[in-house]
Structure formats: structure tokens, C-alpha cells
Amino acid sequence: MSDEHAIEGEVLKSSEEQESTRNAGVPAKVLPSTLYLLPLSERPFFPAQTLPLLMNEGPWVETVKRIGDLPHRMVGLVLVKPSTAEDAQPDDFYEFGTVVRMHHPMFSDGKIQFISEGVSRFRIVKWLSTEAPYLVQVEYPSEGVSPREDEMKAYAMAIINTIKELVPLNPLYSEELKYFLNRFSPNEPSSLADFAASLTTSTKEELQNVLEALNLGRRMRKVLVLIKKELDVAKLQSQIREQVEEKMTKQQREFFLREQLKAIQKELGLAKDDRTADVERFRERLAKLKLPEGAAKRIDEEMQKLSILESGSPEYGVTRNYLDWLTVLPWGKYSKDKLDLNRARKILDKEHDGLDDVKQRIIEFLAVGSLKGEIAGSILLLVGPPGVGKTSIGRSIADSLGRKFYRFSLGGMRDEAEIKGHRRTYIGAMPGKFVQAIKEVDVANPVIMLDEIDKIGASYQGDPASALLEVLDPEQNVDFLDHYLDVRFDLSKVLFVCTANQLDTIPAPLLDRMEIIRLSGYITGEKVKIAKHHLWPKQLKKAGLARGDLSLSEPAIRRIVEGYAREAGVRNLEKQLGRMVRKAVVKIVGGEPKPIHLGVPQVEEYLGKPIFQAEKPLSGVGVVTGLAWTAMGGATLSIEATRVHTHNRGFKLTGQLGDVMKESAEIAYSYISSHLQAFQGDPKFFDEAFVHLHLPEGATPKDGPSAGVTMATALLSLARNDKIKRPLAMTGELTLTGQVLAVGGIREKVIAARRIRIMELILPDANRRDFDELPDYIRDGFTVHFAKHYRDVMHIVFG
């Protein structure tokens, strides 16, 4: 028999049978006028319910004991407003509750458990005790005027029909329905409404409203809304459960069918197992490769091992991954070089303005390869300040050769395994960066760029710089051995291009393997061309503007270069141009008509006051302008010397100087002191004077020997009380015998002098070749004096 028919059968039981059940209830005339109260925190209790209740003993033990001593054993169950009932106060109780008969109270593990048999509603009239156990005077209100019989019957049938729909959706409803029918008749609308409300999962406030609804018609309307809502939720839950079960059943069915299909295909020879498929895939790859003897032998051994291993074993996975790497590498696969010098020159000129000496050096390198017919593996090192185009030059080299390009950064790398791979004994082992690069480009002769090689680190995990020695040595990398592959791979055809900001931190053995090409930075004219041809179009494209929408005049670009972006590279210049574009875009979006033309006046309006003012070299007694090299390019610095007092002899240095520069200052002081008479100064000057030598800017660390000549000249100017009467800058290392030795960074220093418009220089004679090799556009306009001995410097400066 279906659940629905069973419910109808229960509903149609004779009223005679039900009468005996109703007699089990307590007549209104014997209901007590005073009741002890117990609080409920989650939902109210209804008269139509019979349920076990569980609550914490807390302060309610005495209440339960007193109820047990009463002959009728009745207690009032009332909902409280807080979420917990342990500390309920009289103000927390609602006004209406349900009187129940307590059966079989039990105490266990701090809990009270008893069966509650609902009897009737009550309303609290008066509190006789305001502390637990709570005792109140109550009244049992009547249900007021009942609705018309046909209306009441319609509500009752609607509630019964909704319950009939609910029961199949949740088995618990059928159990509660049986308990209800054992005590009440479905023809009693009041009990039916209370029972239906108790079935729902509505909020405690909604259920309390039902309990307090004395008018039967209003109560039945409220209950019908709640139970309809419960039916909708139950249907939705049932629908979700059916969808989940259907999906799981479908997946299980598909899994079994798939397994059966595999078995059938295997029996018919139409399909292969995973191991056979792997082996065949590896053999297909090998057929396209030219393997060296050692690699072929190792791959054969591993293939034999794979063919006897179970596909579920861990060793199978390790061997399969190893063979996957071995067979995916481009053994003997090379791209053809394009050795057309005219094409290479066009690519370099298209991508870069300036850097003519660097371009010429690259063309020479390609010309040698063109004559030989191939570019053998070489290692180039591009050294220069940030933002001068080292990385893009490397990419242009690859484009001009027609080779694949791969770049990775060595900055901060501390693990030797990053270079040579992990050994296969480790879980998750991987080949090194070079093998990964070869796999990525799928040829054995790419251009690989190693960025920031001067910032490579070292740790307890090994020294990556030492691991690079094998990679970057043309004599050794023909048999490069990666720890993971454990097979020799030929890297001799790879063209390595490294970049660095300085050479000091690169180990000498590594530096010895590389051919150095210096990128010294750009002068103002070059920056203007770069901005015009490359940076400005790039910013317009990034902002989604056409070239005709926004234009920037050449004087405006020059103003940005000189006032906001004086560094050696062009990275900051690009940022400033980006700011100009964004400010203009705001105006365009705001409704300003296109095109917009930006000139010099708009530069300060868009970018604010210039960061750099026109530098004016300091002048005066004891003040000399020197030339310095930094990782950011060339710089000028004014060295100041002054006499503090004549009480005693002394020499003080300031300006955050390094050890080498401090020694240069001591040498300059000693040399000038011992030769002061020959240089037409007072021979007793330094015997009596306390001299202070300072190198601005004080917050910038400085080191190196190249300021020796400059510091000596500042001290001599102070001793002679004679200032330098024309703009002049100098550099050179000084010895105790007055020899002027060669220094580095001549190009950067000459560019720095041009930047502040000092066009007369003193350089060491040993650097004459470095100056002569500079491009004409850098040397033009300079008057340069070359000094072998400090006497030459003295005659040039003081006549």
C-alpha cells in the first residue's frame, strides 16, 4: 500500500476509536492554575506534540524535582528570546507556552531527559517566583469564535493534503504523523493546526506566533503558509538529491562501460594499454631525432626497463617522466642561420637608436660567422647601466640571425641545481634551466640570454656561478652534463648573451670566458631620438591612441630629458612620457577635441617642477670638478678642500668614502705636502693647517682610485690660494711619485661632462686610446689634455 493511501486510511479512522485516545488527555477542569516553568531556546512546544526533551541540568534540577513531587506532574514549557536557556530571566520568557505532562525524568552526565506530552496552551498571568525554580500563575484561554464549518473544513483539507505531499519526501514526517493520530483525530482542527506547525522548520518567532494565535481561523491561515513553504523547501531538497544521485549513477555507469570497452578493444587488438602506448609514443619521437651514441644507449636501457614495469608502480612514473624528457629534446636539430649583414644592420637600426659602436661590434661578430658559414657557440656579455637596452639588444641579435630566443634571469639564483638540474633520486626532480630552455625552443642552437649575471648568489645549496663555468666554456659545453638527464648534451652551438650592470661581482674565471661589449648610456640627442622613434609611439599604442591624436614636440622631449630623466638609460624617460600620455587621455575623455599638441609649456604643467636643475659646477679656492663612474652611468662630483684652523697639523675626510678612495686621498695629501714648494705654494702651509676634504653628496657611498688627481688639485688650489678660472673636469689615479695612472669608464665620464657642459677635460695619458675610440658625436667639441705625471696636470690647471 502506498504512503498516500496509508495516510487516508489513518484519517478515516472512526471517531469512536479516537475518543479513547482523547480520554488520555487531561480535562480542562483539572489543569493546575499554577505551574513551574522550564525554558526552551530553539522552538516552542505545541499541545499536539509528544516528544523527548533534553536540557542542561544547570539551575533546573530543583524545578524537575518539585514537578516530580506534584500529583499531576505538569510543567509549563515556554520559549525564551535568547539563543541559550541556561541563564533565562523572567523578562526573557514569552507570554504564551504549553502545559505538558512530564514522564520518566532522568539525570545523566549533567543533562535532564524526559518525555513531554503536550496538553494545552496557557498564558502567564503572574510571576509567583522570580528566581529558579520559576512558579507562575496561569490561565487557559479559549479559542474564541470558530470560523464557519465549511471554511474550517477547507483549511483542514488544505493542511491534510499538504501533509500528504510532505510525507513521501521525508520518512520522519510519517513517524510523527503516527504519533499524532494515536492521540488526536484529524477532524480536530485545533490539534491538526498545531501538529502541522510542529512539522515545519520555521523560525522560532514564526512558530511562537502560531502558538499565540488563539483564533482558530487565523492560526490555520498562518500554519498553511508555513507548511506550504516547508513543502517547497522539501521538494527542492528532493530535486537536488535526485540530481546528485543521477549524476553519480551516470558517472559510475560511464566508468563501467569505459572499462568494458577497453577490455573488448584489447581482446580484439584495437587498443593498447598505457605502457604500450607510452613506448610507441617515445619510439615515434625517436624516429625523428639524430641521437648520439651515448644517449641512444641510455634510452634503449630505459625503454627496456619501462616495458617490464607495472604501470601502477612509482618506478614506472619516474622512468616514464625521464624518457619523456630524453625524447622531447631536439637532439641534432638546428635552425639555419641567416647571415645577411645588410638584413642584420636593418634590424639593429630599426630596434635601436644610438649605440653605433655596439651595433658595429655585433656586425663584426656576425661577419666572422658569415665568412665561416656558421655562428659557433659564443658568449657575449653586455655591460651597462639599467635601461640602456641590453635585453632588447640580445633579442635583436636573435632576430638578425633568425634563431629562437629564450631568456631567463639569474638575479638572486642561489641553487646550483637551477643550472645543472636535480638528481633523479629526489621526488619531483627536474632538469636545469638550460635543458628546459632547449626543450622550450625545440632547437639545439638558440640564443639564450642570461639576465643579471652580476647578481647571482651563493648558499649552502651550492654556487651557481661555479656551475656556469661548464655551461659558458666553449671547450666544455660540447659535453654538457645535466644531473637529471645524466646524458651528455651538446650546447656548443648555442649563442649565450649575458647582461650585467657591473663587472665587480662577476667571478674572474667566469668573466674570462665572456666577450665584453659595453653599453655606456645615451647622451641627450640620442635620448630624444629614442623617445621620438620608439618610446612615444609605444606609449600611444598602450593608451589606445592613434599617432595623430596626440603629438609631442622635439623641444618638449628635450626638456623632459634634461629636467626629469638624466640617468644613463631611458627607463625613467619612458615613465615620464607615460605620465604625459595619461594626463592627455584624461583631457580627451573629458571632452577636449583631438588632436592635442604638447609643447614645452605643457611639460611642467603635466609633470610638475623639474627634478633636475641646470647644473653649474662649483668654483672657488680648493674646489675642483671630478669625473666618476657608477653602476647607473657617469657622474660629476665637486671636491672641496678648506683650511679649518692653524692650531695644529691635521687632515679630515668626509663624504662616505670607501677604503680605496680614502687611500687615494692620503696619497694626494702626502704628495702635495712633499712637493708644495715645487708647485709654488707655501712649504709650511700643511705643517700648520688642519685641512678638511669633502666629497658631496654625503649620503652617496663612493669608492675607487680615479679621484686621486682631482683631490690633489683641490689641495694644491687651497695651498696656493688660487682657484681654477675656467670650467674644467679631470680624472686619474695618482701615485706617491706623481704618476697619473689609467682609470675605467672613460665613455661614461665624458658623457657626464657633456651633460653639464664642461668641454675641457684632463685624462690619464694611458686612456688616450679609450678616448680616441669614442664615436665622433661624443668627442666633438671637447678639449682634452692627457697627463702622464701630476706636473702636467699642475701646468694645465694653474699655468
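How many aromatic pairs does a search of the whole structure find? I got 17 aromatic pairs. Rings of Phe, Tyr and Trp (its six-membered ring) pair if their centres lie within 6.5 Å; planes under 30 degrees apart are stacked, over 60 edge-to-face, and the rest tilted.

I looked at W127 and Y134: the ring centres are 5.5 Å apart and the planes are at 90 degrees, so I noted the pair as edge-to-face.

Before going on, I reminded myself that this is a predicted model, where local features need pLDDT of at least 70, side-chain atom pairs need 80 or more, and totals for chains, interfaces and linings use all residues. Residues are numbered from 1 along each chain as its sequence is written, and side-chain values use heavy atoms, leaving out hydrogens and water.

Then I checked burial (buried is under 20% relative accessible area, exposed over 50%, partly exposed in between; 1.4 Å probe, protein chains only). Y134 is buried at 3%, whereas W127 is partly exposed at 26%.

Next I took F434 and F480, an edge-to-face pair with centres 6.5 Å apart and 70 degrees between the planes. F434 is in helix α16 (residues 433–441) and F480 in strand β10 (residues 480–481), so the pair ties together parts 46 residues apart in sequence. Helices (H or I, at least four residues) and strands (E, at least two) are DSSP runs, numbered from the N terminus. F434 is buried at 1% relative accessible area, and F480 is buried at 1% too. I also found F434 and F480 in one aromatic cluster with Y406, F408 and F496.
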